[in-house]
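Please walk me through this model, from its annotated region to its sheets, helices and cores.

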Amino acid sequence: MSKIQKIKGFADLFPPESDKFVFMEQTARDIFSRYGCQEVRLPLVEKTELFARSIGEETDVVQKEMYTFPDRKNRSLTLRPEATAGVVRAFIENKIHSLHPIAKLFTCGPMFRYERPQKGRMRQFHQINVEVLGTDAPQADAELMFMVWSYLKGLGLDKLSIEINSLGCRECRPVFHERLTSFLEGLDQSRLCEDCQRRASTNPLRVLDCKVPTCKELVKDAPKISDSLCPGCRDHFDTVLSILDQAGLAYEHNERLVRGLDYYQRTTFEVVSHDIGAQASVAGGGRYDGLIRQLGGPDLPGLGFACGMERLALLLDKIGSPQLDFFLAVLDQQALNKAMIIAQNLRDKGFAGEVSFEAKSVKSLLRQANKLGVKTCLLLGPEELEKDQIIVKDMATGAQKAVSQNDLEQALGLQC
Ligand code: HAM
């Protein structure tokens, strides 16, 4: 029979790689709980309309990257390409605002985008995602930056840079839009890349952060968004930057940072690594005031960020797998069932270990214990079975002694 293989751009994660993912999730729970963030679990599949209405019809994600399919009743469904839209949908549907005036929600899990796979870019990838709903205070923007930075530091990563920008609001963005559009109209647009030729009329802001060198060169003298900010947006952004300055959190104000999703307003930011190749952005986020209302909820502001776990994994050193305390090696078929009870009692006391499900020779069982990397091998043969004893062997020194099965917990405690 032919083998069935996984889909292109999807990955199987085994230790030691999967250990990194466990570490990233545990660190996220630990750090984010210090800010009052609560974990939520949301569906991986949503109605397609949710993403079209939030991320934006004209974005690359919605235009060409979504896994969209009809269900058995011909309803259009989509595997979530990101988490924010789903969190906002769930926030509205479950009326979370009536319970918490400011909700801080954290979620992690797989996202799906039909992109060209390469290093740091997968079709199924994983995000650590935080959303803060219900506040427009610039202090919340600064806290979000503290959160992402503490998280990355908690992972042991500090050779990263933060880029930040303000995209303005419903009031001042149209002014910038108009200025930018007339600038783009004045260019020889045939020199822009194919995507930017389309974006120039559908989503002009995206032309600003195109990575193609000729596009970069052409928009070098484009109007600056900071020159179009209204006083409210200017004050908001200045306050965010001033808190970051006071905290000593280094950042670069990048006027070209516009992000690829349409829901952003005011503060946007990315955390970039120069050590992982072309897919350098390890985290991105910002404010999306207006999105909750746009999805049929109350007119409440919101902000958040997501870290890309595959990209963070590229920066993490190997994480040690959890160690077993013992391997219970059974030397005689008659001792197998008793061994299961002994091991279970030890696990109930908090020890971690495995039993050889077969009786084998001492030599092959010790080889197995070595492979598992345990400190202690417990040996149970016919003689020990009869005397209610067990042999405790220190794998590092080779020293061993027979102890009563009743004293095993203590003997193992001394070893561990
Ligand atoms: P995003 O910039 O599209 O933002 O994605 C956030 C992070 O996910 C990126 O910085 C990157 O590390 C990772 N990422 C994105 N696409 C891929 C991929 N194909 N393969 C591997 N990693 C990838 C968002 O998704 C927003 N929802 C973030 C946010 C939350 N904004 C407000 N709240």
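Helices (H or I, at least four residues) and strands (E, at least two) are DSSP runs, numbered from the N terminus. For this stretch, residues 24–316, an unreviewed UniProt entry gives the feature "domain: Aminoacyl-transfer RNA synthetases class-II family profile". UniProt positions are given in the numbering used here, feature names are shortened, and annotations may be inferred rather than shown by experiment. This is a predicted model, in which local features need pLDDT of at least 70 and side-chain atom pairs count only at pLDDT 80 or more, while totals for chains, interfaces and linings use all residues. Residues are numbered from 1 along each chain as its sequence is written, and side-chain values use heavy atoms, with hydrogens and water left out.

Begin with the open sheet of three strands, whose order is E2-E4-E3 and whose pairing is antiparallel. Strand E2 (45–47) and strand E3 (67–70) are its edges, each pairing on one side only. On average, neighbouring strands here are turned by 35 degrees against each other, direction ignored. Two strands count as paired if DSSP finds at least two bridges between them; E2 and strand E4 (residues 76–79) have three, and run antiparallel. Within E4, leucine 77 stands opposite lysine 47. Helix H2 (residues 48–55) lies across E2, E3 and E4, at about 75 degrees to E2. Axes are lines fitted to C-alpha atoms, for helices over the stretch in contact, and angles run from 0 to 180 degrees between N-to-C directions. Contact means heavy atoms within 4.5 Å.

Next comes helix H5 (residues 138–154). Its 17 residues reach 24 Å from the first C-alpha to the last, close to the 24 Å expected at 1.5 Å a residue; the expected span is 1.5 Å times one less than the number of residues. Buried residues of H5 include Pro138, Leu144, Met145, Val148, Trp149, Tyr151 and Leu152, where buried means under 20% relative accessible area, exposed over 50%, and partly exposed in between (1.4 Å probe, protein chains only). Glycine 156, with a positive phi near 90 degrees, follows H5.

A nonpolar core is a set of buried Ala, Val, Leu, Ile, Met, Phe, Trp, Tyr and Cys residues joined through side-chain atoms within 4.5 Å. The largest such core has 45 residues, and Phe32 and Tyr151 touch the most other members. H5 gives the most to this core, with nine residues. Leaving aside neighbours within four places in sequence, tyrosine 151 is in contact with Met24, Thr27, Ala28, Ile31, Phe32, Ile128, Cys307 and Leu312. Another core, of 43 residues, lies apart from it, with Ala103, Leu184, Leu192 and Cys193 among its members.

Strand E9 (residues 265–272) is largely enclosed by the rest of the structure, because eight of its eight residues are buried. Strand E7 (residues 161–166) runs antiparallel to E9 and is joined to it by six bridges; there, glutamate 163 has glutamate 270 of E9 as its bridge partner. Six bridges also join E9 to strand E10 (residues 281–287), again antiparallel, and valine 271 is partnered by alanine 283 in E10.

What remains is an open sheet of five strands with mixed pairing, in the order E13-E12-E14-E15-E16. Strand E13 (353–355) and E16 stand at its edges with a single partner strand each, so one side of each has no neighbour in the sheet. Its neighbouring strands are turned by 25 degrees against each other on average, direction ignored.

Strand E15 (residues 389–394) has five of its six residues buried, so it is largely enclosed by the rest of the structure. With strand E14 (residues 376–380), E15 pairs in the antiparallel sense over four bridges. Bridge partners here include cysteine 377 with lysine 393 of E15 and threonine 376 with aspartate 394 of E15. E15 pairs with strand E16 (residues 400–404) over five bridges, also in the antiparallel sense, and valine 392 stands opposite lysine 401 in E16. The hairpin of E15 and E16 has five residues between the strands, and glycine 398 in it takes a positive phi near 85 degrees.

Two helices lie across this sheet's strands. Helix H13 (residues 362–372) lies across strand E12 (326–330), E13, E14 and E15, at about 165 degrees to E12. Helix H15 (residues 408–415) lies across E12, E14, E15 and E16, at about 0 degrees to E15.
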